[in-house]
Amino acid sequence: MQESLVDNYGRRVTSLRMSLTNRCNLQCIYCHNEGESGSGGEITVDEIARLVRIATKYGVDRVKFSGGEPLLRTDLEDILRALPPLKDISLTTNGTLLAPRAKGLKEAGLDRVNISLDTMDSGRFDLITQRKGQFSRVMDGINAAIDAGLTPVKLNMVYLKGINEDEIERMIEFIRGRPLVLQVIELMNFKGAFKYHADISALEHSLKARADDYKCREMHRRTKYYLNGAEVEIVRPIDNSEFCMNCNRLRVTSDFKLKPCLLRNDNLVSLRGLDDEGLEKALRYTVGIREPFFKAAPVAMPKKSEKVPSEN
Ligand SMILES: Nc1nc2c(ncn2[C@@H]2O[C@H](COP(=O)(O)OP(=O)(O)OP(=O)(O)O)[C@@H](O)[C@H]2O)c(=O)[nH]1
Ligand code: SF4
Ligand code: SF4
């Protein structure tokens, strides 16, 4: 029987999330850079292929590539071609460099892409990304991804107080009836951006109230809402123990370290220079030290003098 990678909290690792570079051509006000500062040389095609091959022996069948901006890697197509067969290979990108490469990426084995799109307003886009003139390139990237069949294309919208809260309806109209999914993401506190943090639970309640249907994903127990031909997924990571208890991905940094949690940097495991046997050991060890970042508060046991509430 195939062995699997289960941590001490019963969470099974089925997916690797690999950062290919720390570099990016944008400078978003909230960037978390996958919680890393990778200072060594960038992970190579061979390192990626070996690690993924070993992980698949343990039932890992999904890989997500992210960055920085992963399309700054000119060898991304080589990376894709070097992978063993997997159920799902996806890429998270800012979309600015995607249009000319979308078809080739599909041919090299990429299944789908997630593209950051916080706003439909190019002025706001410049403000968020701290760059000028990139909005139309992202739109070209979205269209090229659809044409190439890198679908469903998920649009990542970080929900930002005072910047884009008023654009949810516009985004829903944009995706309706197309192979697009809107993913609304609660802002995490990186780069001191918390002043833009907006309460996403109110939005989630209103979506739930008007949705035709909704369904819970296994990963992070995220909910997807279906609204008359539009699919909206809510990503609510903060103080959410259910999200962390259903975290099934292990991160790999751009300088080839295993990273058990996005929000921690004190327990990275370096892989550079290890042979296949060493990689396998390191993989199992790292799964053993994984823990949910947000944990549910332990349920207090009633004191002897307290009446135990009956089940019904
Ligand atoms: N705290 C936390 N946030 C995450 C994690 N994974 C994703 N996120 C958040 O979700 C955002 C979008 O992630 P994506 O890279 O588009 O991928 P995804 O939505 O997680 O994965 P798919 O839906 O399978 O494509 C990230 O920028 C994070 O803000 C995680 O493991 N922990
Ligand atoms: S596009 Fe992504 S990696 Fe680049 S600055 Fe924005 S959030 Fe960070
Ligand atoms: S444990 Fe929680 S915070 Fe850490 S990576 Fe998983 S979901 Fe994110």
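These are my notebook entries on a few spots I looked up in this structure, which is a predicted model.

**Entry 1: two helices that pack**

I began with a bit of background: a pair of packed helices is described by the angle between the axes and the distance between them. My pair was helix H1, residues 45-56, and helix H9, residues 276-289. I found their axes 10 Å apart, at an angle of about 60 degrees. Angles of 65 to 115 degrees would count as roughly perpendicular, and those under 35 as roughly parallel, so H1 is oblique to H9. I also noted that the two helices cross in a right-handed way.

Next I asked myself which residues make the contact. On the H1 side I listed Arg 50, Leu 51, Arg 53, Ile 54 and Ala 55. On the H9 side I listed Asp 276, Leu 279, Glu 280 and Leu 283. Sorting this contact by class gave me 5 nonpolar residues, 4 charged ones and no polar ones.

**Entry 2: around ligand 2**

I looked at what surrounds ligand 2 and wrote down Cys 24, Leu 26, Gln 27, Cys 28, Cys 31, Gly 68 and Asn 94. This shell has 4 nonpolar and 3 polar residues, and no charged ones.

I traced Tyr 30 to the loop between strand E1 (15-19) and H1. Gly 68 sits in the loop between strand E2 (62-66) and helix H2 (76-81).

**Entry 3: around ligand 3**

Then I turned to ligand 3. Its surroundings are Arg 11, His 220, Phe 243, Cys 244, Cys 247, Cys 261, Leu 262, Leu 263, Pro 292 and Phe 293. I counted them by class as 8 nonpolar, 1 polar and 1 charged.

The unreviewed UniProt entry also lists Cys 244, Cys 247 and Cys 261 under "binding site". They span 18 residues in sequence, yet no two of their C-alpha atoms are more than 9.4 Å apart, so they gather at one spot. I placed Cys 244 in helix H8, residues 241-245.

A reminder to myself: most peptide bonds are trans, and most residues other than glycine have a negative phi. With that in mind, I went looking for exceptions.

Where did I find cis peptide bonds? One joins Gly 67 and Gly 68, with omega about 10 degrees. Another runs from Thr 151 to Pro 152, with omega near -5 degrees. I found Pro 152 in the loop between helix H5 (135-148) and strand E5 (153-159).

For phi, I noted Arg 221: this residue is not a glycine, but its phi is positive, about 50 degrees. Arg 221 belongs to the loop between strand E7 (213-216) and strand E8 (223-226).

Definitions and conventions: Residues numbered from 1 in each chain as written. Chains lettered and ligands numbered in written order. Predicted model: local features only at pLDDT ≥ 70, side-chain atom pairs only at ≥ 80, totals over all residues. Heavy atoms only, no water. Axes fitted to C-alpha atoms, helices over the stretch in contact; angles between N-to-C directions. Helix = DSSP H or I, 4+ residues; strand = E, 2+ residues; numbered from the N terminus. Parallel < 35°, antiparallel > 145°, perpendicular 65-115°, else oblique. Left-handed = near helix turned anticlockwise from the far one by under 90°. Contact = heavy atoms within 4.5 Å. Nonpolar A, V, L, I, M, F, W, Y, C, P; charged D, E, K, R; others polar. Near = heavy atom within 4 Å. UniProt positions renumbered as here; feature names shortened; annotations may be inferred.
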